[in-house]
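Dear colleague,

Please find below the structure that I am handing over to you. My notes on what was found in it follow directly after.

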Amino acid sequence: MNRLRLAIMISGRGSNMEAILEAAKAKNYPADPVLVLSNKPDAAGLHVAEARGIPAVVVDHKRYGADRQAYEQVLDEALNRASIEMIALAGFMRILTPWFVSRWEGRMVNIHPSLLPKYPGLDTHARAIDAGDAEHGCSVHWVTEGVDSGDVIDQARIQIQPGDTPASLSSRLLPIEHDLYPKALAKACYALADS
Ligand code: GRF
């Protein structure tokens, strides 16, 4: 199949973005990262994108105040200008409106640090510990209107150890996310190409 033109949307560190960029160096990887979009001008991940020669665009949501659709229209235009076929949200911390989601549904995936359907939303590590769970993990899922509620493409699990804190759990999970996301994204690309 032709490599799908991929945009990666970030808000911060961008370590999952970097894992995808690394995987996509393989010529047979089914996605070609051609655009990084950040809603934050100071996102550390922008430097990573620049160092790897991937065009990065900042669309600062603060400039649009409460007008979320005006903001998303600019995002949508940037994506269309780059002929994007698939979007990977990677630590993108804005909730997208139904308007935007409906335009990209079936072509947009996200990584979430919990074993969905458990713990959609924030503070997933603390919530898993507080619930006394024996295991925790991360999920890559299709993005739909509800927050973190689309179909799961793939998950990876880790054990919660006695004495784990949200910070220790998060740092043990992160490399697992980096392993999962490029593989699950590839699966999503093949599914899209087959549809
Ligand atoms: C990751 O834990 C991801 O699961 C969550 O936000 C974090 C982003 O980290 N959605 P990074 O920016 O990819 O380093």
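Tyr71 is buried in this predicted model, since its relative accessible area is 3%, and buried means under 20%. Tyr64 has a relative accessibility of 23% and therefore counts as partly exposed.

A search of the whole structure finds one aromatic pair, and the rings of Tyr64 and Tyr71 form it, with their centres 5.8 Å apart. Their planes stand at 50 degrees, so the pair is described as tilted; planes under 30 degrees apart would count as stacked, and those over 60 as edge-to-face.

I turn now to the ligand. Which residues surround the ligand? They are Arg13, Gly14, Ser15, Asn16, Gly91, Ile111, Pro113 and Glu177. By class, this shell comprises two nonpolar, four polar and two charged residues. The space that the ligand takes is the largest pocket.

An oxygen atom of the ligand lies 2.6 Å from an N or O atom in the side chain of Glu177. The backbone contributes as well: a backbone N or O atom of Gly14 is 2.8 Å from an oxygen atom of the ligand, and one of Ile111 is 3.1 Å from a nitrogen atom of the ligand. Taken alone, the ligand exposes 370 Å², of which the protein buries 85%.

Yours sincerely

How values were computed
Residues are numbered from 1 along each chain as its sequence is written. This is a predicted model: local features need pLDDT of at least 70, side-chain atom pairs count only at pLDDT 80 or more; totals for chains, interfaces and linings use all residues. Side-chain values use heavy atoms; hydrogens and water are left out. A residue is near a molecule or strand if one of its heavy atoms lies within 4 Å of it. A polar contact is a pair of N or O atoms within 3.5 Å; within protein, one must be able to donate a hydrogen and the other to accept it, and residues adjacent in sequence count only if both atoms are side-chain atoms. Accessible areas come from the Shrake-Rupley method with a 1.4 Å probe; for residues, only the protein chains shown count as cover. On a 1 Å grid over the protein atoms alone, a cavity is a set of points where a 1.4 Å probe fits but cannot get out, and a pocket is an open set with protein on both sides within 12 Å along at least five of seven lines; lining residues have an atom within 4 Å of a point. A molecule sits in a cavity or pocket if more than half of its atoms lie within 2 Å of its grid points. Ala, Val, Leu, Ile, Met, Phe, Trp, Tyr, Cys and Pro count as nonpolar, Asp, Glu, Lys and Arg as charged, and the others, Gly among them, as polar. Rings of Phe, Tyr and Trp (its six-membered ring) pair if their centres lie within 6.5 Å; planes under 30 degrees apart count as stacked, over 60 as edge-to-face and the rest as tilted. Buried means under 20% relative accessible area, exposed over 50%, partly exposed in between (1.4 Å probe, protein chains only).
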